[in-house]
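Reader: I have a model open and would like to learn how to read it. Could you walk me through it, one feature at a time?

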Amino acid sequence: MEGEPVNVSEFQELARQALPKMYYDYYTGGAEDQYTLKENVEAFHRIMLRPRVLVDVSRIDLSTTVLGYRVSAPIMIAPTAMHKLAHPEGEVATARAAAACNTIMVLSFMSTCTVEEVASSCNAIRFFQLYVYKRRDVCAQLVQRAERNGYRGIVLTVDTPRLGRREADIKNKMVAPQLKNFEGLLSTEVEDDEGSNLEAFAKETFDDALSWRDLGWLRSITSLPILIKGVLTHEDAIRAVEVGVDGIIVSNHGARQLDYTPATISVLEEVTLYFPTGLVMQFM
Ligand SMILES: Cc1cc2nc3c(=O)[nH]c(=O)nc-3n(C[C@H](O)[C@H](O)[C@H](O)COP(=O)(O)O)c2cc1C
Ligand SMILES: CCCCC(=O)C(=O)O
């Protein structure tokens with residue numbers, strides 16, 4: 001590549017050159033045949049713009065609000081696990097970038113920096129993403145730590161009763177590092193050395209009995225607004241509103257969970273048609 005990178009694909013190529021294969025594959029991979037992974041990109045290619053001309057664009061303002069917080073554009077930072085696999089500063093650097101862009105960062109439950117380190121690193125508005133483990137006490141402690149440290153919302157990811165089957169991770173025997181947030185609470189080490197350690201960890205730890213009923217439990221341990229992430233149908237969105245969530249994130253988890261689901265962008269309309277603006281969002 002000549003000169004500085006000018007688009008996301010060029011940054012991706014630099015990442016491929018810089019990262020160990022195991023981590024690059026983890027970051028970029030999708031589940032199973034990776035059909036949805038391809039669709040997530042191609043569905044955007046099918047959307048054409050319909051420009052109108054002779055409009056004064058000398059002053060434009062893309063800002064909007066999310067749960068009452070102003071962001072400079074309708075773009076937020078999605079929760080992604082384990083940033084230190086790519087850079088020693090990890091999620092602290094991502095939070096600084098969120099602050100610089102005046103947007104919201106959602107910190108992953110599986111972050112490599114702690115809830116506290118990210119909170120004290122800058123003044124970015126932060127939400128905290130939650131996976132529900134069988135050990136509910138661990139989840140409750142993390143949610144309460146997030147609340148105490150000024151996180152403004154809980155993003156409950158609901159599309160991961162078990163981890164998607166990521167074939168590259170199986171081949172690479174992807175290793176999950178010990179996560180500092182869980183020190184003294186739970187070990188992220190697993191015995192299984194057959195395939196993906198991360199998949200084995202999730203199988204052992206994530207609560208696959210999680211259901212709509214558990215929203216009541218989450219409400220009982222936090223007063224923060226609750227968003228659910230991973231909705232792909234209007235039926236589930238309606239259910240989410242009925243149980244009183246504060247926001248819905250339309251998502252197929254970057255095609256990393258169930259393969260052969262539709263591209264996220266292609267179901268956004270189905271979901272939003274049913275709702276007043278402001279309740280539904282999609283990450284990219
Ligand atoms: C490397 C990587 C790690 C991710 N880790 C998490 C995570 O810890 N929690 C989570 O809820 N989503 C996680 N995601 C999913 C993203 O939040 C997001 O949903 C996805 O990248 C974009 O797809 P979407 O537009 O369908 O949401 C991860 C995605 C990637 C690429
Ligand atoms: C058990 C790790 C889950 C992180 C995650 O959500 C992802 O890799 O997509």
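Author: Start with a strand pair. This is a predicted model. Strand 5 (residues 154-157) and strand 6 run parallel, joined by four bridges. In that pair, Val-155 stands opposite Leu-227 of strand 6.

Reader: How should I picture side chains along a strand?

Author: In a regular strand, they alternate between the two faces of the sheet.

Reader: Is strand 6 mostly covered or open?

Author: Mostly covered. Six of its six residues are buried.

Reader: What unit do strand 6, helix 10 and strand 7 make?

Author: A right-handed β-α-β unit. The helix in it spans residues 234-242.

Reader: Now the core. What is the general idea?

Author: In soluble globular proteins, nonpolar side chains tend to be buried together.

Reader: How many residues does the largest nonpolar core have here, and which have the most contacts inside it?

Author: It has 48 residues. Those with the most contacts inside it are Phe-128, Leu-130, Ile-154, Val-155, Ile-228, Val-231 and Ile-248. A second, separate core has seven residues, including Met-174, Ala-176, Leu-198 and Ala-202.

Reader: Take Ile-154. Which residues does it contact, leaving aside neighbours within four places in sequence?

Author: Phe-127, Phe-128, Leu-130, Val-143, Leu-218, Thr-222, Leu-224 and Ile-226.

Reader: Next, the backbone. Which residues other than glycine have a positive phi?

Author: Met-82 is one of them, with phi of about 55°. Lys-173 is another, with phi near 50°.

Reader: Where is Met-82 placed?

Author: In the loop between strand 2 and helix 4.

Reader: Why does Met-82 count as buried?

Author: Count its neighbours. Met-82 has 20 C-beta neighbours inside 10 Å, so it counts as buried. The cut-off is 20 or more.

Reader: And where is Lys-173?

Author: In the loop between helix 7 (167-172) and helix 8 (197-205). Lys-173 is partly exposed because 14 other C-beta atoms lie within 10 Å.

Reader: What does Lys-84 contact, apart from neighbours within four places in sequence?

Author: Gly-90 and Thr-112. Lys-84 and Ala-146 are 62 residues apart in sequence and 20 Å apart in space, C-alpha to C-alpha.

Reader: Last, the ligands. Which residues come nearest to ligand 1?

Author: Ala-78, Ser-108, Ser-251, Gly-254 and Thr-264, out of 19 residues around it. By class, the shell of ligand 1 has seven nonpolar, 10 polar and two charged residues.

Reader: Which residues are around ligand 2?

Author: Ala-81, Met-110, Leu-163, Leu-198, Phe-201, Ala-202, His-253 and Arg-256. Six are nonpolar, one is polar and one is charged.

Notes
Residues are numbered from 1 along each chain as its sequence is written. Chains are lettered from A and ligands numbered from 1 in the order in which they are written. This is a predicted model: local features need pLDDT of at least 70, side-chain atom pairs count only at pLDDT 80 or more; totals for chains, interfaces and linings use all residues. A residue is near a molecule or strand if its C-beta atom, placed from the backbone, lies within 6 Å of it. Ala, Val, Leu, Ile, Met, Phe, Trp, Tyr, Cys and Pro count as nonpolar, Asp, Glu, Lys and Arg as charged, and the others, Gly among them, as polar. Two residues are in contact if their C-beta atoms, placed from the backbone, lie within 7 Å. A nonpolar core is a set of buried Ala, Val, Leu, Ile, Met, Phe, Trp, Tyr and Cys residues joined through C-beta atoms within 7 Å. A residue is buried if 20 or more other C-beta atoms lie within 10 Å of its own, exposed if 12 or fewer, and partly exposed in between; C-beta atoms are placed from the backbone. A crossover is right-handed if, with the strands pointing away from the viewer, the path from the first strand over the helix to the second runs clockwise. Helices (H or I, at least four residues) and strands (E, at least two) are DSSP runs, numbered from the N terminus. Two strands pair if DSSP finds at least two bridges between them.
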